[in-house]
Amino acid sequence: MSSYQHLENPMHPAVLSMEVDDDDSFESEYRLRIGNQVKYIIISPKTFDRDTLSFPVQSLPSLPWYDEWTVAHISRDKTSGDLRTSISDRPLAGVKCQWHHALFDCLELERTKLLTASAFEAVLHPILPTIFQTPATVIAKIARFEWEIPRIERETRAYQLLEYSGLTPRFLGHIHENGRIMGFLLEKIEGRPASIQDLDICEAALGKLHELGFLHGDANRYNFLVAEEGVKLLDFECLEENASRESMHKELESLRLQLTEDSGRGGGFIVQGDSI
């Protein structure tokens, strides 16, 4: 389960992201804001019941919130039942592919709508007049936890490779958290997911990507945005460089089926109807 809670008091711990194991067999992870810092909590299985894991802040042991640390592990002693806490100040992994000049603090983004567990709409104020003259809605995508960094790394690299291709929304800059890069901003383009009626233009866009030597890797209908200016490709977490002709041929051949798929796969919270 993933969730996001709006921050009411910046000096109290507030959950920004959470990943809770439904059957409590694996660790549950939390990303919390305390003031202008972000810290992480990892809770071992069998430490709390399911309801507590969904709203954990009030049940956490006393933690030195304002000290310098990054990750706290919380578990329960199997013999005594007492809570045990281990705190670490280790550096967290970040995206290494920093190619754009613009850098945005994740805590300064004004979130307006959650799209997926790791993507959301945000209002970008014109601190950089060369990008926007007035406040504008943009799309942010982040690695909520360290295990999501490789996907954001791959996608950041993809936008660099495709910057001048005309196939993607404009890459506006990197998002950092406590100084480490963990996401990026894209322009928001008004449009709709592709359907079978858009087969020709989607084939043309995917074919152009293939001509550049890239395999998209997840060519579902929601990763084709049909807009006034044409088709834009989205979500490059699975992009493959120097792809084989065989794999590109298979991807193109599967496009017709992808454009008739109506399960909602790849459509995010809005399509799937999940509560936010």
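Over the ring of which residue does the charged end of arginine 221 sit? Select arginine 221 and tyrosine 222: the charged end of the arginine lies over the tyrosine ring, 4.8 Å from its centre. A charge sits over a ring if NZ of Lys or CZ of Arg is within 6 Å of the ring centre and within 35 degrees of the ring normal.

This is a predicted model, in which local features need pLDDT of at least 70 and side-chain atom pairs count only at pLDDT 80 or more, while totals for chains, interfaces and linings use all residues. Residues are numbered from 1 along each chain as its sequence is written, and side-chain values use heavy atoms, with hydrogens and water left out.

**The whole protein**

Display the whole protein as a cartoon; it has six helices and 15 strands. These elements are DSSP runs numbered from the N terminus (helices: H or I, at least four residues; strands: E, at least two). Of the 276 residues, 49% are buried. Buried means under 20% relative accessible area, exposed over 50%, and partly exposed in between (1.4 Å probe, protein chains only).

Next, select lysine 39 and tryptophan 69. The charged end of lysine 39 is placed over the ring of tryptophan 69, at 4.9 Å from the ring centre.

**The aromatic rings**

The structure contains eight aromatic pairs. Rings of Phe, Tyr and Trp (its six-membered ring) pair if their centres lie within 6.5 Å; planes under 30 degrees apart count as stacked, over 60 as edge-to-face and the rest as tilted. Select tryptophan 99 and phenylalanine 171, a tilted pair with 4.6 Å between centres and 35 degrees between planes. Tryptophan 99 belongs to the loop between β6 (83-88) and β7 (103-105) and phenylalanine 171 to strand β11 (residues 171-177), so the pair ties together parts 72 residues apart in sequence. Tryptophan 99 is buried at 18% relative accessible area, and phenylalanine 171 is buried at 7%.

**Two loop residues with positive phi**

Most residues other than glycine have a negative phi. Go to lysine 46, whose phi is positive, near 70 degrees. Lysine 46 lies in the loop between β4 (37-43) and α1 (50-54) and is exposed, with 60% relative accessibility. Finish at asparagine 178, where phi is also positive, near 55 degrees. Asparagine 178 occupies the loop between β11 and β12 (180-187) and is partly exposed, at 42% relative accessible area.
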